[in-house]
Amino acid sequence: QILSEGSREMSLDAIIIGGGHNGLVCANYLANAGKKVRVLERRSVVGGAAVTEEFHPGFRNSVASYTVSLLNPKVIKDLDLHGHGLKILERKVNNFWPNDDGDFISFPVGEAALKAEIARYSEKDAEALDRYGRDISMVADLIR
């Protein structure tokens, strides 16, 4: 594939459409294999769901990748992400959803705290939480 860029042409082996985290990982593996790769992204920032952005003045959070458990440990190692500055910060509360009535539901870290929070809304769901956790872990292992 020949791509014209201004007055020069360049030969490429692959063009990755989208500079999200998956596109960047793919481009990195291809480049490390000696391929000439171009990543095209419509936004001014790359990273997709893994981007941390300011959602309110002074408050920053990951826009969508709320769980790092789906990030394959092999990718972390292969791309030396820790060596490039990856820091995984543990939170006391994984998720928080305010309700219109002024109450809220949160997903605190720790099985006992999470069960107690779920039980405020449904004892039955709180009792099923262990099974749910096992099922989610099994699916995550399959995806990885």
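Student: In which strand is S106 found?

Tutor: This is a predicted model, in which local features need pLDDT of at least 70 and side-chain atom pairs count only at pLDDT 80 or more, whereas totals for chains, interfaces and linings use all residues. Residues are numbered from 1 along each chain as its sequence is written, and side-chain values use heavy atoms, with hydrogens and water left out. Helices (H or I, at least four residues) and strands (E, at least two) are DSSP runs numbered from the N terminus. S106 is found in strand β8.

Student: Is S106 buried or exposed?

Tutor: A residue is buried under 20% relative accessible area, exposed over 50%, and partly exposed in between (1.4 Å probe, protein chains only). S106 has a relative accessibility of 8%, so this residue counts as buried.

Student: Which residues is S106 in contact with, leaving aside its neighbours within four places in sequence?

Tutor: Contact means heavy atoms within 4.5 Å. With the neighbours within four places left aside, the contacts of S106 are V93, N95, F96, L114 and E117.

Student: Which residue in the hairpin of β7 and β8 takes a positive phi?

Tutor: This hairpin has 5 residues between the strands. The residue with a positive phi, near 95°, is G102.

Student: How many residues make up the largest nonpolar core?

Tutor: A nonpolar core is a set of buried Ala, Val, Leu, Ile, Met, Phe, Trp, Tyr and Cys residues joined through side-chain atoms within 4.5 Å. L114, which is in contact with S106, F107, P108 and L129 beyond its neighbours within four places in sequence, belongs to the largest core. Together with I105, I118, A126 and L129, the total is 5 residues.

Student: Is V139 buried or partly exposed?

Tutor: V139 is found in helix α5, residues 129-143. Its relative accessible area is 40%, and therefore V139 is partly exposed.

Student: How many helices and strands does the protein chain have?

Tutor: From the N terminus on, the elements run β-β-β-α-β-β-β-α-β-β-α-α-α. The totals are 5 helices and 8 strands.

Conventions
Pairing = 2+ DSSP bridges.
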